[in-house]
Amino acid sequence: MKAILSKNALLLCLLLPFAANAQEPIDESRSVSANERISIEVMRGTVRIRPSDDNVFRVRGTIDEDAEGYTLESDNGFTSFEIDYPRSSRGRNWSDADDGSELEIEVPQGSELEFEGVSVDIDVMGITGGSDISTVNGDIIASELGNFVNLSAVNGEIDSRNNSGRIDISTINGEVTDNGSTGRIDYSTINGEIRANSSATEVSISTVNGEAVLSLAGTEVLELSTVNGDIDVRLADALTPRIDGSTVSGDLRLGLEPGISASFDISANSGGDIENDFSDDRPSRDRYGPRKHLNFSTGTGAGSVNITTVSGDIEIVPL
Amino acid sequence: MRDRDDTAPHSAEDDALDLAIQALPRSQSPSRDLWPQLQAQLPPRHARRAPWAWAAAAAVAALALSVWIRPDLGPGTISAPPLAQLDSPTAEHSLLNVYESQKAAQMGALNFSNPSVGRQLAIWDGAVQQVRGALSYYPEEPRLLRQLDRLYRQQLNYLETLAMVDPQVAAYY
């Protein structure tokens, strides 16, 4: 009997360290207001956020095996949920997302959501009170969000679907895909590519090295900026748009409605070419400098197309 | 002799003088052709060009040839003068002064060892040089100045983003 007990004690001692590191289950809920301000911080793992049918904040799943617990506080219209780590893990490498938290979170549809993570993939849908989602290395899937929508990653990809309102999407190295957005939208990347189909009335695209291919409909104000990346925009259903574009050495191709009514002011300051398939007008070259310039108007000239390049090529074509 | 006081009220004499001046014709032609007389007084012209003129022409031709041979001096990749050589307070100079000091301060605070950060900043530096090259032809061109401004803002935003994420996380990736 004594031998059996000591064997069990030994086994327990061997298993205890593993048990302490196992992913702990979590199932918590709090009654909150319909427009609750909710803040969530999860360093690594996978998080899925959906709108709840009732005014409840609910979190289920398992928490990171390296976490020492979690903090859930809800008071006076503010709710915060955070996975807690030992102080010794500050500055650690969070890259191993597989061992991280796996969480399903429900929040009221009208709540204002703020989410922050490092190596965490986040899938969020249907929150209309505003969403500010940021991760460093994880990917973001964001659909049917409304109001102020801010999606940012450093290395992760961002997939935006049917979002509306004032939308900001930014990455450094990740790729951006956007479909069905409306309202105002800003896309910003350094090296990441941008692929978008949008009906936003105001669109801004900024990239450094990344390539951007956009198909836009009904956009009234369009800003384009690139350093080395190429931008290809197809703008339909816009007869008097206001377009401002600039590139250093990237190429810019702009497809516009054949019936567009706009004044065109295009300049290539140092070696870039201007190709105009819209009219018979051809660029003229400065007598005492390298600049080429193309000015012409179509229709009543109500809209404006102002584009400048240093050494990139500019092409304007009818759709 | 008294200095004229422009602020003093005009007298009747002044008014009369103004009227007289206004009545004068704007130009007057000589009553006869003066050129033959002037030409006769000119020294005879040398038929041969002086040797220094040929040397000057050769220098100009050599300079033109060097621009043609050196693509970095041609349009498209115009080199910009170093910041230290800018002696006048142009808009470009002002932008560079402000942004370069901000950039240096941010980089000093970051102290990144990740080589990709350096490579990324080098891309912006190259773009800045291209825009400055164009500005050397068109110093006050607002769209070029705006581009320069944007390039620096992008760099500062980039550095700010890196500073916001945990430096060790960023360094790892």
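Reply: Start with a pair of serines: Ser152(A) stands opposite Ser170(A), which belongs to strand 12 of chain A. This is a predicted model. The strands behind that pair are strand 10 and strand 12 of chain A, and they run parallel, joined by five bridges.

Strand 12 of chain A also pairs with strand 13 of chain A, residues 176-189. The sense is again parallel, with seven bridges between strand 12 and strand 13. Asp168(A) marks one position in this pairing: its bridge partner in strand 13 of chain A is Asp186(A).

How many other C-beta atoms lie within 10 Å of Asn147(A)? The count is 17, so Asn147(A) is partly exposed. A residue needs 20 or more to be called buried, and 12 or fewer to be called exposed.

Asn162(A) lies in the loop between strand 11 (158-161) and strand 12 (164-170) of chain A. Its phi is positive too, near 55°. Asn162(A) has 15 other C-beta atoms within 10 Å, and is therefore partly exposed.

Elsewhere in chain A, Phe78(A) belongs to strand 5, residues 78-84. Phe78(A) has 14 other C-beta atoms within 10 Å, so this residue is partly exposed. What is the C-alpha to C-alpha distance between Phe78(A) and Ile38(A)? It is 6.0 Å, although 40 residues separate Phe78(A) from Ile38(A) in sequence.

Next, the core. The largest nonpolar core has 83 residues. Ile205(A) and Val131(B) have the most contacts inside it. Look at Val131(B), leaving aside neighbours within four places in sequence. Its contacts in chain A are Val248(A) and Val310(A). In chain B, Val131(B) touches Leu144(B), Gln147(B), Leu148(B) and Leu151(B).

That brings in chain B itself. Chain B has seven helices and zero strands. Along the sequence, the pattern reads α-α-α-α-α-α-α. Of the 173 residues in chain B, 13% are buried. Among chain B contacts with a separation of 6 or more, 73% join residues 24 or more positions apart.

Technical notes. Residues numbered from 1 in each chain as written. Chains lettered and ligands numbered in written order. Predicted model: local features only at pLDDT ≥ 70, side-chain atom pairs only at ≥ 80, totals over all residues. Core = buried A, V, L, I, M, F, W, Y, C linked by C-beta atoms within 7 Å. Contact = placed C-beta atoms within 7 Å. Helix = DSSP H or I, 4+ residues; strand = E, 2+ residues; numbered from the N terminus. Pairing = 2+ DSSP bridges.
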